[in-house]
Amino acid sequence: MTLPPLSSDEPASAVQLGAAMAALGLYDGTNTAAEHAAEAARLGGDGPYRMRLANALLGAVQVEAMLVESAATGPEDLAAAHRQQLVTAGVADDPDQLTGFLPWQALRVAGPLRLVAQDASTGPIPVAAAHAAEGLQKLLGVIGAGQVPDVETVKEHLTEIRAARQCLIDAIGNVDILLGED
């Protein structure tokens with residue numbers, strides 16, 4: 001079964017997000033508009049509150065995906081499952097939308113890696129991974145300007161391309177520290 005792409009560009013309401021979390025056994029409130037309004041007020045507004053709810057739901061769904069993907073019988077199963085995510089997000093068959101979606105996914109990796117890398121006890125591998133993730137995010141952002149950018153587009157993004165290059169150089173430098181090849 002292939003699920004259709006999301007049909008609305010409107011973000012889900014707090015009640016909708018709460019219902020989805022309740023279906024997974026992760027929400028034990030009453031899921032009323034009043035309950036959500038009170039929590040939104042406590043957290044500084046509807047936007048920040050819905051962002052937290054959506055990310056809580058995303059985290060739960062990502063764990064479910066990790067668990068079920070462990071039963072994949074081969075790379076074809078994983079590729080089909082990963083494509084389903086893109087179809088449901090509405091970006092699978094639109095290169096422009098896909099290149100807008102991928103930097104967001106890279107950001108979701110780069111952010112936590114940056115936090116890990118700030119710990120003084122962190123070794124060179126997490127730091128290298130944080131640099132590489134940031135470089136990937138920057139390159140994906142440039143791709144968002146066009147899959148095969150023309151010369152003018154490349155010129156407009158030279159600063160970002162150079163920053164991505166520096167991130168990757170920094171990643172290699174941290175790997176070299178571990179390998180004793182500095």
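**Close-up views of a predicted model**

**View 1. N31 and the backbone of V15.** A polar atom of the N31 side chain sits 3.1 Å from the backbone oxygen of V15. Such a polar contact is a pair of N or O atoms within 3.5 Å; within protein, one must be able to donate a hydrogen and the other to accept it, and residues adjacent in sequence count only if both atoms are side-chain atoms. The model is predicted: local features need pLDDT of at least 70, side-chain atom pairs count only at pLDDT 80 or more, and totals for chains, interfaces and linings use all residues. Residues are numbered from 1 along each chain as its sequence is written, and side-chain values use heavy atoms, with hydrogens and water left out.

N31 belongs to the loop between helix 1 and helix 2. Helices (H or I, at least four residues) are DSSP runs, numbered from the N terminus. N31 counts as buried, because its relative accessibility is 19%. Buried means under 20% relative accessible area, exposed over 50%, and partly exposed in between (1.4 Å probe, protein chains only). Not counting residues up to four places away in sequence, N31 touches A14, V15, G18, A19 and H36. Contact here means heavy atoms within 4.5 Å. N31 is not a glycine, yet it has a positive phi of about 55 degrees.

**View 2. The largest nonpolar core.** Which residues form the largest nonpolar core? It has 8 residues: A14, L17, M21, Y27, A40, Y49, L53 and L57. Helix 1 (14-23) and helix 3 (46-69) are the elements that give two or more residues to this core. A nonpolar core is a set of buried Ala, Val, Leu, Ile, Met, Phe, Trp, Tyr and Cys residues joined through side-chain atoms within 4.5 Å. In soluble globular proteins, nonpolar side chains tend to be buried together. L57 is one of the core residues. Leaving aside neighbours within four places in sequence, L57 is in contact with L17, A20, M21 and L24.

**View 3. L24 in its loop.** L24 lies in the loop between helix 1 and helix 2 (33-43). Is L24 buried or partly exposed? L24 is partly exposed, because its relative accessible area is 43%. L24 touches L57, A60 and V61, not counting residues up to four places away in sequence. From L24 to E64 the chain runs 40 residues, and their C-alpha atoms are 9.9 Å apart in space.

**View 4. Helix 2 meets helix 3.** The axes of these two helices come within 7 Å and cross at roughly 105 degrees. Axes are lines fitted to C-alpha atoms, for helices over the stretch in contact, and angles run from 0 to 180 degrees between N-to-C directions. Helix 2 and helix 3 are therefore roughly perpendicular to each other. That term covers angles of 65 to 115 degrees. On the helix 2 side stand H36, E39, A40 and L43; they meet D46, P48, Y49, R52 and L53 in helix 3. The residues of this contact divide into 5 nonpolar, 1 polar and 3 charged. Ala, Val, Leu, Ile, Met, Phe, Trp, Tyr, Cys and Pro count as nonpolar, Asp, Glu, Lys and Arg as charged, and the others, Gly among them, as polar.

P48 is found in helix 3. P48 counts as partly exposed, because its relative accessibility is 34%. P48 and R162 are 114 residues apart along the chain, with 33 Å between their C-alpha atoms.

View 5. Helix 5 spans residues 95-117 and holds T99. T99 is buried, because its relative accessibility is 9%. A polar atom of the T99 side chain lies 3.0 Å from the backbone oxygen of D96.

V116 is also found in helix 5. V116 is partly exposed, because its relative accessible area is 43%. Leaving aside neighbours within four places in sequence, V116 is in contact with T122 and P126. The C-alpha atoms of V116 and T73 are separated by 33 Å, and these residues are 43 residues apart along the chain.

**View 6. H157 between two helices.** H157 lies in the loop between helix 7 (151-156) and helix 8 (158-179). H157 is partly exposed, because its relative accessible area is 21%. H157 and G25 are 132 residues apart along the chain, and their C-alpha atoms are separated by 45 Å.

Note on methods:
Angles under 35 degrees count as roughly parallel, over 145 as roughly antiparallel, 65 to 115 as roughly perpendicular and the rest as oblique.
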